[in-house]
Amino acid sequence: MLRRIIEIDEEKCIGCGKCVIACHEGAIQLVNGKAKLVKENHCDGLGDCLPNCPADAIQFIERETVEYDEQAVKDYKKETGSHLMAWPVQLKLAPIRADFFRKANLLIAADCTAYAYGDFHRVFMDNRVTLIGCSKLDGINYTTKLSQILTLNDIQTITFVRMEVPCCSGLERMLEAALIESGKNLPIKKCIITIQGEIIQ
């Protein structure tokens with residue numbers, strides 16, 4: 001089929017590997033010190049790798065290739081242990097409207113939770129679009145941004161994960177206010193994690 005896909009200029013490529021890290025679909029690998037598109041069916045044509053290339057060695061082209069295989073990408077992510085479905089994950093950087101929000105189950109989590117709970121990817125991130133933030137350190141009131149995300153996208157469910165510490169209550173209040181502001185009546189599951197790494201709610 002004819003579709004948009006990336007093309008890597010091997011002469012320009014300096015082998016830094018930044019595009020490999022940026023490609024969460026596993027389409028790019030370093031081969032003999034050069035980045036190569038090794039799985040064309042994993043390339044979604046969105047180009048997260050492009051802005052991460054310091055050598056300007058990656059571009060979009062349109063050509064005949066295999067169809068993007070979303071299931072193969074999901075299988076790859078399960079094999080590699082990552083359940084990350086979208087990028088960026090930081091609330092500060094996340095767009096208010098994106099394809100990955102379409103019919104999404106949304107996970108909103110305080111930054112520290114993924115470090116406190118060892119099985120965070122499998123238990124919380126699997127089949128959810130993840131957004132993380134910290135009401136204390138970010139210094140941002142996320143109420144309006146969260147309200148816009150809920151209003152402009154077809155979000156199906158929300159899971160909220162926070163630490164037991166008091167500073168996490170700020171992010172929870174922002175989410176609750178955003179739900180009211182958006183006028184959406186969405187099912188929400190809340191989980192609290194202790195500093196010992198246990199789920200208490």
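The buried residues of helix H6 (residues 169-182) are covered by elements that include S5, S6, H5, strand S7 (157-163) and strand S8 (188-193). The model is predicted: local features need pLDDT of at least 70 and side-chain atom pairs count only at pLDDT 80 or more, whereas totals for chains, interfaces and linings use all residues. Residues are numbered from 1 along each chain as its sequence is written, and side-chain values use heavy atoms, with hydrogens and water left out. Helices (H or I, at least four residues) and strands (E, at least two) are DSSP runs numbered from the N terminus. The buried set of H6 consists of Gly170, Leu171, Glu172, Met174, Leu175, Ala178, Leu179 and Ser182; buried denotes under 20% relative accessible area, exposed over 50%, and partly exposed the range in between (1.4 Å probe, protein chains only). An α-helix has 3.6 residues a turn, so residues three or four places apart point the same way. The end C-alpha atoms of H6 are 20 Å apart, in agreement with the 20 Å that its 14 residues should span at 1.5 Å a residue; the expected span is 1.5 Å times one less than the number of residues. Just after H6, Gly183 adopts a positive phi of about 75°.

Ser135, in the loop between S6 and helix H5 (143-152), is buried at 17% relative accessibility. Beyond residues up to four places away in sequence, Ser135 touches Cys167, Gly170, Leu171 and Met174, contact being defined as heavy atoms within 4.5 Å. A polar atom of the Ser135 side chain lies 3.0 Å from the backbone oxygen of Cys167, and the side chain of Ser135 also reaches the backbone nitrogen of Leu171 at 3.4 Å. Polar contacts are pairs of N or O atoms within 3.5 Å; within protein, one must be able to donate a hydrogen and the other to accept it, and residues adjacent in sequence count only if both atoms are side-chain atoms.

The largest pocket holds about 760 Å³ of space. Among its 29 lining residues, Tyr68, Glu70, Lys77, Met85 and Phe100 are the closest to its centre. H2 supplies the largest share of the lining, 6 residues. By class, the lining has 11 nonpolar, 6 polar and 12 charged residues, where Ala, Val, Leu, Ile, Met, Phe, Trp, Tyr, Cys and Pro count as nonpolar, Asp, Glu, Lys and Arg as charged, and the others, Gly among them, as polar. A pocket is an open set of points on a 1 Å grid over the protein atoms alone where a 1.4 Å probe fits, with protein on both sides within 12 Å along at least five of seven lines; lining residues have an atom within 4 Å of a point. Grid points are joined across faces, edges and corners, and the volume is the space filled by probe spheres set on them.

The loop between helix H2 (70-80) and strand S5 (105-110) contains Pro88, and the peptide bond from Trp87 to Pro88 is cis, with omega near 5°. Lys103 is found in the loop between H2 and S5. Although not a glycine, Lys103 has a positive phi of about 55°, and this residue is exposed, with a relative accessible area of 58%. Asn127, in the loop between helix H4 (120-125) and strand S6 (129-133), is likewise not a glycine and has a positive phi of about 65°. Asn127 is partly exposed, at 45% relative accessible area.
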